[in-house]
Amino acid sequence: MTILTRGPEAVKLPVPAPAVKKRGRWLTITLFLLPAFVLFLLLVVAPILVAGYSSAFRWNGFGGLPTNFIGFDNFTRLFGTEIFAQDLWHLLVLVLFSVCVQLPFSLAIAMLLNQRIRGRALYRVVFFAPYVLSEVITGVLFSLILSPGTGMANRLLSVFGIESEWLADPNTVMPSLFLVMTWKYFGFHMMIYLAGRQNIPNELIEAAQIDGASTWKTFRHITLPLLGPTIRISIFLSVIYTIQLFDLVWILTGGGPSHSSETMAVTMMEYGFKRSQVGYASAISVVMFVLSLVFALIYQRFVMRRDLEGATTNIGGRR
Amino acid sequence: MIHRKKAPARTNTLPMHAIAWVVGAFILIPVIYAFLGGFKANSELSGNPFGLPETWVTANYTDVLGSGSFWLQMWNSTFIAVATTVLTVALAALAGFIFARYAFRGRELLFTVFTAGLMFPFAVAILPIFVLLRTFGLLDNPLGVILTQAAFGLPLTIIILRGFFRSIPGEIEEAAIIDGCTPFGFFWRILLPMARPAIATVSVLAIVGSWNNFMLPLVVFSEEASWTLPLGIQQFQGQYASDTARILAYLVLAMVPALGFYALAERHLVGGLTAGATKG
């Protein structure tokens with residue numbers, strides 16, 4: 001990710017302007033940067049700091065800044081609730097599902113559509129299409145399809161003797177949610193993998209095949225390792241997305257039945273907007289923030305490190 | 001021999017097509033179900049979910065198309081998407097220009113502050129943003145959504161544009177300066193026109209992001225007059241809970257702009273997303 005590739009870029013700076021023009025130069029820099037900087041500071045940085053600040057208060061969100069300081073009470077209360085434990089469990093389940101099922105599936109389809117088969121351009125366009133539909137359209141569509149009475153899913157599966165309440169049954173709600181996520185997002189990961197595959201020189205793969213390697217061995221020992229950086233980034237994106245998952249869950253289940261599909265963002269919105277416990281809800285958002293940050297730092301430090309080195313030397317060479 | 005050599009090559013693609021067809025069916029059946037379902041009567045929907053409608057009921061579609069609220073939501077979504085995109089791209093292009101072509105103390109630090117914005121989940125900021133917009137009287141005002149979306153769109157847009165601006169050779173800039181171009185003149189008349197492909201990519205990303213946004217409009221807009229399409233769909237589902245066919249028709253009509261835009265801008269969208277993910 002870009003955050004990682006800054007250092008060496010600074011090496012080749014544009015030619016410094018003559019000293020006479022120095023004042024005009026600073027004026028240009030300030031005028032050009034200021035609008036973006038102010039907007040970013042006001043609506044991205046400040047709100048996140050405020051979220052951190054208000055998480056230490058009991059606050060209903062009204063009347064200027066919060067005043068009723070309670071320290072870490074919001075956090076101790078949060079960590080003691082069953083709902084929060086469930087939120088974490090759901091996060092873990094969805095991440096595991098994504099990494100072990102959705103991404104390998106996307107990779108397999110990407111490899112399939114990398115073959116010269118007829119109509120592969122059309123397949124790619126169709127498989128990616130759900131990604132451009134909003135979460136709300138996707139969610140409402142699948143809530144109708146999965147609805148127990150009139151829905152298409154039960155009608156279709158009754159042939160195999162399967163029927164379920166899907167979204168209304170705590171046992172099937174998470175698999176159903178995961179199915180909808182796969183429908184919407186696998187095309188995105190497939191496209192990333194296809195792009196990554198196109199960066200691998202075909203000569204390498206042809207050479208392996210001429211040396212007599214089977215298709216599987218070529219994939220296992222040539223393609224897969226070379227796709228490593230792409231795969232690691234798609235895992236990264238998938239985890240960061242899952243930590244803040246909201247729209248789909250809100251539309252499909254609202255977190256129910258009885259919190260069995262709730263995510264942290266849903267819990268936060270419940271407390272922040274429906275129950276006006278803004279301080280407590282802020283504590284939840286701080287946990288989301290810290291989780292994302294810690295995951296990003298650890299992941300980039302230990303998992304994407306190799307890719308980083310590769311990327312930076314590449315950039316140094318290209319520029 | 002020749003025959004034997006050709007035969008496996010032929011049969012080999014058949015399983016591949018079979019897999020692609022199964023996946024294609026998985027993707028398309030829900031959409032086709034919605035499209036056909038919109039033409040059915042509710043009583044038929046449960047008995048005959050897959051087949052063609054016995055009688056094509058067009059009322060579901062025409063009712064939606066004849067309703068003012070659908071078109072109002074369409075207009076609100078379009079207006080907010082366009083305004084967000086213009087604002088994001090304008091501010092990001094100015095900043096990206098400085099980050100790409102000016103050397104000054106603290107530049108990399110400042111740039112890092114922006115790129116760190118990529119790591120901030122939007123959900124973390126939503127409560128303070130709500131309080132902030134309420135303080136400034138920007139609730140139920142499209143500006144509240146536009147400004148916030150632009151602010152969160154800046155990091156990625158700046159990164160992509162900076163990368164592109166860097167790739168334009170310094171000789172062009174020197175020539176322009178010698179010919180008497182001001183910095184803004186160079187930016188406006190030379191750099192921006194040259195960066196058209198990158199501008200197109202970031203614009204497409206901003207439009208799609210804004211069009212599909214749900215969380216922010218959900219908390220900002222309470223009055224029906226300012227609702228965007230996602231809010232309208234959610235409300236429509238609640239209002240016509242038992243009228244499944246009508247909801248399906250609404251969904252299909254709401255899909256049309258997104259899918260049409262995808263058909264037009266597929267290259268830019270996919271290119272932008274994969275570039276953001278693989279090159280970073």
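Student: How many salt bridges does the structure hold over all chains?

Tutor: This is a predicted model, in which local features need pLDDT of at least 70 and side-chain atom pairs count only at pLDDT 80 or more, while totals for chains, interfaces and linings use all residues; side-chain values use heavy atoms, with hydrogens and water left out. Residues are numbered from 1 along each chain as its sequence is written, and chains are lettered from A in the order in which they are written. A salt bridge is a side-chain nitrogen of Lys or Arg within 4 Å of a carboxyl oxygen of Asp or Glu. Counted over all chains by that rule, the salt bridges come to six.

Student: Which helix of chain A holds both Glu270(A) and Lys274(A)?

Tutor: The side chains of Glu270(A) and Lys274(A) meet in a salt bridge, at 3.8 Å from N to O. Glu270(A) counts as buried at 18% relative accessibility, whereas Lys274(A) is exposed at 58%, where buried means under 20% relative accessible area, exposed over 50%, and partly exposed in between (1.4 Å probe, protein chains only). Helices are DSSP runs (H or I, at least four residues) numbered from the N terminus. The two residues are separated by about one helical turn, because they stand four residues apart in helix H12.

Student: How many residues apart in sequence are the parts that Arg246(B) and Asp63(B) tie together?

Tutor: The side chains of Arg246(B) and Asp63(B) meet in a salt bridge of 3.4 Å, N to O. Arg246(B) lies in helix H13 (residues 244–278) of chain B and Asp63(B) in helix H3 (residues 59–66) of chain B, so the parts that this pair ties together are apart in sequence by 183 residues.

Student: Which residues are linked with Asp63(B) in a network of salt bridges?

Tutor: Asp63(B) counts as partly exposed, at 36% relative accessibility, whereas Arg246(B) counts as buried, at 19%. The network that includes Asp63(B) also takes in Asp243(B) and Arg246(B).

Student: Are Glu173(B) and Arg101(B) buried or exposed?

Tutor: The side chains of Glu173(B) and Arg101(B) meet in a salt bridge of 2.7 Å, N to O. Glu173(B) lies in helix H8 (residues 170–178) and Arg101(B) in helix H4 (residues 68–101) of chain B, so the pair ties together parts that are 72 residues apart in sequence. As for their accessibility, Glu173(B) and Arg101(B) are both buried.

Student: Where does H6(B) bend?

Tutor: Helix H6 of chain B (residues 122–135) has 14 residues and reaches 20 Å from its first C-alpha to its last, close to the 20 Å expected at 1.5 Å a residue, the expected span being 1.5 Å times one less than the number of residues. The bend at a residue is the angle between axes fitted to the seven residues ending there and the seven starting there. In H6(B) this angle is about 35 degrees, and the bend is at Pro128(B).

Student: How many of the 14 residues of H6(B) are buried?

Tutor: Among the elements that cover the buried residues of H6(B) are helix H1 (22–54) of chain A and helix H7 (142–166) of chain B. The buried residues include Phe122(B), Pro128(B) and Leu133(B). H6(B) is largely enclosed by the rest of the structure, because its buried residues number eleven.

Student: How many salt bridges does the rule find across the interface of chain A and chain B?

Tutor: In this interface 93 residues of chain A are in contact with 98 residues of chain B, contact meaning heavy atoms within 4.5 Å. Across the interface of the two chains, the number of salt bridges found is zero.
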